[in-house]
Amino acid sequence: MSPEGVRENYARIRGEVGERVTIVAATKYVSVADMAVLAEAGVEVVGENRAQDLERKHAEYGDAFRWHFIGHLQSNKAKVVNRICELVHSRDSESAARKLTVPALVEVNLSGEPSKSGIEPAELAGFLESYDARGLMTMPPQTPDPEASRPYFRRLRDLAENNGLHELSMGTSQDYRIAVQEGATLIRVGSVLYRE
């Protein structure tokens, strides 16, 4: 991973998605040392999956990035996230929701897969009555065909519109183009950004 390669990929993705979409560089598999490459390449927003990695990377790079939390949030880690992040993409429990003080998106499990986090679509309206949210996030089932993600992205957009929400975090390296066509305002990309 080189700064030049990341800068080139970042510029290409930016050209594809336009200025209104926030590109969140997923850093789950990026080492603390390699975070310097992202900073040098001009990456602005990073998304971390684990609170302990978030703390470690933020201690080293602080204001070099805007920090998002994109993994499953355990309520006992909310304090770390509140101190560091400007946005949480994955609020899906009442215990975590009560402890968050930063803006958050509600994660919705549209696929019904038990392995995925998120609240059920039928629970969304009740959840939103109790907790403020900036928008919604989802993870469709893994598939080699990006087009197969479209119905999930479209359903999330409809849920957001029905509930007066405007932010949509959806789309990863394999399907971000489809997500943007369906209204994503944030995409979470990793491999497509880092490959040479």
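## K57 and its surroundings

The side chain of K57 forms a polar contact with the side chain of E48 at 2.8 Å, a polar contact being a pair of N or O atoms within 3.5 Å in which, within protein, one must be able to donate a hydrogen and the other to accept it, and residues adjacent in sequence count only if both atoms are side-chain atoms. This is a predicted model, in which local features need pLDDT of at least 70 and side-chain atom pairs count only at pLDDT 80 or more, while totals for chains, interfaces and linings use all residues. Residues are numbered from 1 along each chain as its sequence is written, and side-chain values use heavy atoms, with hydrogens and water left out.

K57 lies in helix α3, where helices (H or I, at least four residues) and strands (E, at least two) are DSSP runs numbered from the N terminus. K57 is buried, with a relative accessible area of 3%; buried means under 20%, exposed over 50% and partly exposed in between, for a 1.4 Å probe and protein chains only. Leaving aside residues up to four places away in sequence, K57 touches T27, K28, V30, S31, V32, M35, E48, G62 and W67, with contact meaning heavy atoms within 4.5 Å.

## The largest pocket

The largest pocket holds about 820 Å³ of space. On a 1 Å grid over the protein atoms alone, a pocket is an open set of points with protein on both sides within 12 Å along at least five of seven lines, a cavity is a set where a 1.4 Å probe fits but cannot get out, and lining residues have an atom within 4 Å of a point. Grid points are joined across faces, edges and corners, and a volume is the space filled by probe spheres set on the points.

Of the 33 residues that line the largest pocket, K28, Y29, N49, I70 and M139 lie nearest its centre. Helix α3 (51–61), strand β8 (186–189) and helix α9 (191–194) each supply at least two residues of this lining.

## The largest cavity

The structure holds one cavity of 30 Å³ or more, and the largest cavity contains about 30 Å³ of space. Its lining consists of M139, P140, Q142, T172, Q174 and D175.

## The chain as a whole

The protein chain has nine helices and eight strands. Its C-alpha trace spans about 45 × 35 × 30 Å along the principal axes, and buried residues make up 52% of the 196 residues.
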